[in-house]
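Q: I have a sequence and a model open side by side. How do I start reading them?

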Amino acid sequence: MSQNASGYVNQRVLKINVGFLLNDGPGHSHNSRLDLPQTRVSDDVQVDYLNGALRLSRTKEGILVQAHLNAAVQAECYRCLTPTAHPITLDIEELYATQPESDSEFRIHEDGILDLSPLLRAEIVIVGMERVLCHEECQGLCPTCGANLNTDSCRCDLDNVDPRLAALRQLLD
Ligand SMILES: [Zn+2]
Ligand SMILES: [Zn+2]
């Protein structure tokens with residue numbers, strides 16, 4: 001595997017030679033597993049890991065890719081903006097066509113290479129748009145002073161208590 005300076009596995013590992021399966025003809029399939037560490041899926045998408053089952057089936061139109069994959073993407077917690085590893089599950093079923101005139105968005109290259117990168121990128125971008133929390137109880141940022149309330153305490157609440165609440169509090173005291 002080729003690794004670049006940042007430690008990410010290059011997206012070349014996502015290029016699969018399916019020439020053998022094309023030759024086998026319709027009805028044949030091939031099961032394998034992906035088990036990748038930090039991988040750059042595309043210029044703008046990288047995952048902390050990517051693993052799971054991958055099935056390639058020869059059809060008349062090309063190769064049907066079926067995969068159940070687990071991955072983690074780096075995202076910002078939507079409450080406190082802390083960079084967070086967000087685990088995602090990808091359930092994929094997509095046709096890679098051999099014929100250029102096919103409606104399919106994905107093609108097998110003329111040299112028999114099936115490149116999973118554009119498909120994985122599309123799936124990850126969709127799933128990655130979910131709201132991410134660093135942890136379920138994240139306290140977020142103080143809307144007044146911006147302090148991260150998970151790690152810092154601020155005095156905004158104490159300083160800006162609603163006068164009506166303050167009166168109530170005195171009664172309770
Ligand atoms: Zn958070
Ligand atoms: Zn504050």
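A: Start with the elements: helices are DSSP runs of H or I with at least four residues, strands are runs of E with at least two, and both are numbered from the N terminus. Keep in mind that this is a predicted model.

Q: In what order do the elements of the protein run from the N terminus on?
A: The order is β-α-β-β-β-β-β-β-β-α-α-α. That makes four helices and eight strands.

Q: How do I read strand pairing here, for instance how S5 and S6 run?
A: Look at the direction and the bridges. S5 and S6 run antiparallel, joined by 15 bridges. One bridge pairs Ile 63 with Tyr 96 in S6. S6 also pairs with S7, this time in the parallel sense, over two bridges. There, Ala 97 stands opposite Arg 107 of S7.

Q: Which residue in the hairpin of S5 and S6 takes a positive phi?
A: Leu 81, in the loop between the two strands. The hairpin has six residues between S5 and S6. The phi of Leu 81 is about 70 degrees, although this residue is not a glycine.

Q: How do I read a helix with a buried side?
A: An α-helix has 3.6 residues a turn, so residues three or four places apart point the same way. Now take H2, residues 117-127: Leu 119, Leu 120, Glu 123 and Ile 124 are buried. They lie on the same side of H2, because they cover an arc of only 125 degrees around the axis.

Q: Which strands do the buried residues of H2 pack against?
A: They pack against S3 (39-42), S4 (45-58), S5 (62-76), S6 (83-97) and S7 (106-107).

Q: Which residues have the most contacts inside the largest nonpolar core?
A: Ile 63 and Leu 114, in a core of 21 residues. S4, S5 and H2 each give two or more residues to this core. S5 gives the largest share, six residues.

Q: What is Ile 63 in contact with, leaving aside neighbours within four places in sequence?
A: Its contacts include Val 18, Leu 21, Leu 56, Tyr 96, Ile 108 and Leu 114.

Q: What share of contacts joins residues at least 24 apart?
A: Consider contacts between residues at least 6 apart in sequence: 55% of them join residues at least 24 apart.

How values were computed:
Residues numbered from 1 in each chain as written. Chains lettered and ligands numbered in written order. Predicted model: local features only at pLDDT ≥ 70, side-chain atom pairs only at ≥ 80, totals over all residues. Buried ≥ 20, exposed ≤ 12 C-beta atoms within 10 Å, placed from the backbone. Arc of directions from axis to C-beta. Contact = placed C-beta atoms within 7 Å. Pairing = 2+ DSSP bridges. Core = buried A, V, L, I, M, F, W, Y, C linked by C-beta atoms within 7 Å.
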